[in-house]
Amino acid sequence: MSRENSLVTAQWVEDNLDNADVVLIEVDEDTTAYDKGHIRGAIKLDWSTELQDQVRRDFVNKQQFEALLSSKGVGNDHTVVLYGGNNNWFAAYAYWYFTLYGHADVKLLDGGRKKWELDSRELTDEVPTRDTTSYSAQEQDLSIRAFRDETVEAIGVKNLVDVRSPDEYAGRLLAPAHLPQEQAQRAGHIPTAANVPWSKAANDDGTFRSDDELKQIYSEAGVDWSKDTIAYCRIGERSSHTWFVLKEILGQQNVKNYDGSWTEYGSLVGVPVALGDEAGSADEGGK
Amino acid sequence: MCGATEGGLSLDGVNVAKEAVVQGQVTREGEPVGNAYVRLLDRTGEFTAEVPTNEHGQFRFFAGDGEWTLRTLAPKSEPVDQRVVAARGSVAEVAIAI
């Protein structure tokens, strides 16, 4: 993959608003953002009710994903362009999710909703209607999804990239600062994980930095390009943003997103946890 | 937006005793700006969180003890930075004029 076939500009989207082969989908952390205004023709996906199993903590399964996209009028041959607020956090998460289920042509709007708004481009509250389709998904591509045991085994072996803010990494905050801080799990990070906040990959307007800048940021943080990589955050959406940077923009092989992330890891019994700004070592078990 | 509530986002449902709240309102020539983005930067200037303002121009963060910077982005406006000190158990109200 590369920047050219995984990202589109706001101008490209504006030029393709009437292109029937393109489906625009808004995915926001704030699931009411779409209702206040969205790009013309865009449909909405609700990450919390439509992309998550409503009983277990897991994704919807293949059949549920097929039923969801069929009902939304998304076909296998459509070019899916995702965008959202918070610098595409949840749009990047949906991108990763569409890739997990093997959608052929999926792209992110560079800069997401914020870039579109800061450009003063048009938003509408008109909700489009689309004919239903008969969508067919692939089995999950587990080469891009990491689970907890694999993550524990990666300590001191693979690149672990903690993409949360420095204060969350060090254990001074338990959640991003726009959310309440009271949480059940322990604070800190996985020993040996490099801290590269996802936001370092984005400009203030939400667009991605240049390839050279991105390579430098991860190299300086200690990412070894010859090793496999697992990215994690708190619940797996910000790390989708970093997965997108490493895998789709920079073309790095063997990059996984650990979607269990800190809300799972920080609740596990007996695993090593490192506190403070230092990465911690594999030998001391982070104690 | 005339008649909109000024400042003072409601704290209903927020456990102020356990949180270091930073909140406020973004205005342009006295009118609330409902399509701005406020970024919370830590003491080193590193990004920590970002929220869009609501229709009354209001925003809120749950920070930690210490010094923070609020960077406000809005259409047709240069970014505005403002320092704020947060402390657990208190609410720091910030008025931002762009």
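Chain A of this model contains an open sheet of five strands, paired in parallel and ordered β1-β5-β4-β2-β3. The edges of the sheet are β1 (7-8) and β3 (43-44) of chain A; each has a single partner strand, so one side of each is left without a neighbour in the sheet. The model is predicted.

Within this sheet, strand β2 (residues 22-26) of chain A runs parallel to β3(A), and two bridges join them. Ile25(A) has Ile43(A) in β3(A) as its bridge partner. Helix α4 (residues 85-100) of chain A packs on the sheet and touches β2, β4 (79-83) and β5 (106-109) of chain A. The direction of α4(A) makes about 175 degrees with that of β5(A).

Another open sheet of five strands in chain A has the order β6-β10-β9-β7-β8, again with parallel pairing. Its edge strands are β6 (145-146) and β8 (194-195) of chain A, each of which pairs on one side only. Strand β7 (residues 159-162) of chain A is joined to strand β9 (residues 229-232) of chain A by four bridges, and the two run parallel. Opposite Val161(A) stands Ala231(A) in β9(A). Helix α9 (residues 238-249) of chain A packs on this sheet, where it touches β7, β9 and β10 (255-258) of chain A. Its direction makes about 180 degrees with that of β10(A).

| Strand pair | Sense | Bridges | Facing residues |
|---|---|---|---|
| β2(A) and β3(A) | parallel | two | Ile25(A) and Ile43(A) |
| β7(A) and β9(A) | parallel | four | Val161(A) and Ala231(A) |
| β1(B) and β5(B) | antiparallel | six | Val22(B) and Phe61(B) |

Helix α9(A) has twelve residues and reaches 16 Å from its first C-alpha to its last, close to the 16 Å expected at 1.5 Å a residue. Twelve of its twelve residues are buried, so α9(A) is largely enclosed by the rest of the structure. Among the buried residues are Arg238(A), Lys247(A) and Glu248(A), as well as Trp243(A), Phe244(A) and Ile249(A). Just after the helix, Gly251(A) takes a positive phi of about 70 degrees.

As a whole, chain A has ten helices and ten strands. Its radius of gyration is 19 Å, close to the 19 Å that the globule rule gives for 287 residues, so chain A is as compact as a globular protein of that length. Its C-alpha atoms fill a box of roughly 60 × 40 × 35 Å along the principal axes. Of its 287 residues, 46% count as buried. Among contacts in chain A between residues at least 6 apart in sequence, 76% join residues at least 24 apart.

Chain B meets chain A through 22 residues, which are in contact with 22 residues of chain A. On the chain B side, the elements that give two or more residues are β3 (37-41), β4 (47-52) and β5 (58-63) of chain B. The largest share, six residues, comes from β4(B). By class, this side has twelve nonpolar, four polar and six charged residues.

Strand β5(B) also pairs within its own chain: strand β1 (residues 20-28) of chain B is antiparallel to β5(B), with six bridges between them. Val22(B) stands opposite Phe61(B) in β5(B). Six of the six residues of β5(B) are buried, so the strand is largely enclosed by the rest of the structure. Both of its faces are covered, with Gln58(B), Arg60(B) and Phe62(B) buried on one side and Phe59(B), Phe61(B) and Ala63(B) buried on the other.

Note on methods. Residues are numbered from 1 along each chain as its sequence is written. Chains are lettered from A and ligands numbered from 1 in the order in which they are written. This is a predicted model: local features need pLDDT of at least 70, side-chain atom pairs count only at pLDDT 80 or more; totals for chains, interfaces and linings use all residues. Two residues are in contact if their C-beta atoms, placed from the backbone, lie within 7 Å. Ala, Val, Leu, Ile, Met, Phe, Trp, Tyr, Cys and Pro count as nonpolar, Asp, Glu, Lys and Arg as charged, and the others, Gly among them, as polar. Two strands pair if DSSP finds at least two bridges between them. Axes are lines fitted to C-alpha atoms, for helices over the stretch in contact, and angles run from 0 to 180 degrees between N-to-C directions. The expected span of a helix is 1.5 Å times one less than its number of residues. A residue is buried if 20 or more other C-beta atoms lie within 10 Å of its own, exposed if 12 or fewer, and partly exposed in between; C-beta atoms are placed from the backbone. The radius of gyration is taken over C-alpha atoms; the globule rule is 2.2 Å times the number of residues to the power 0.38.
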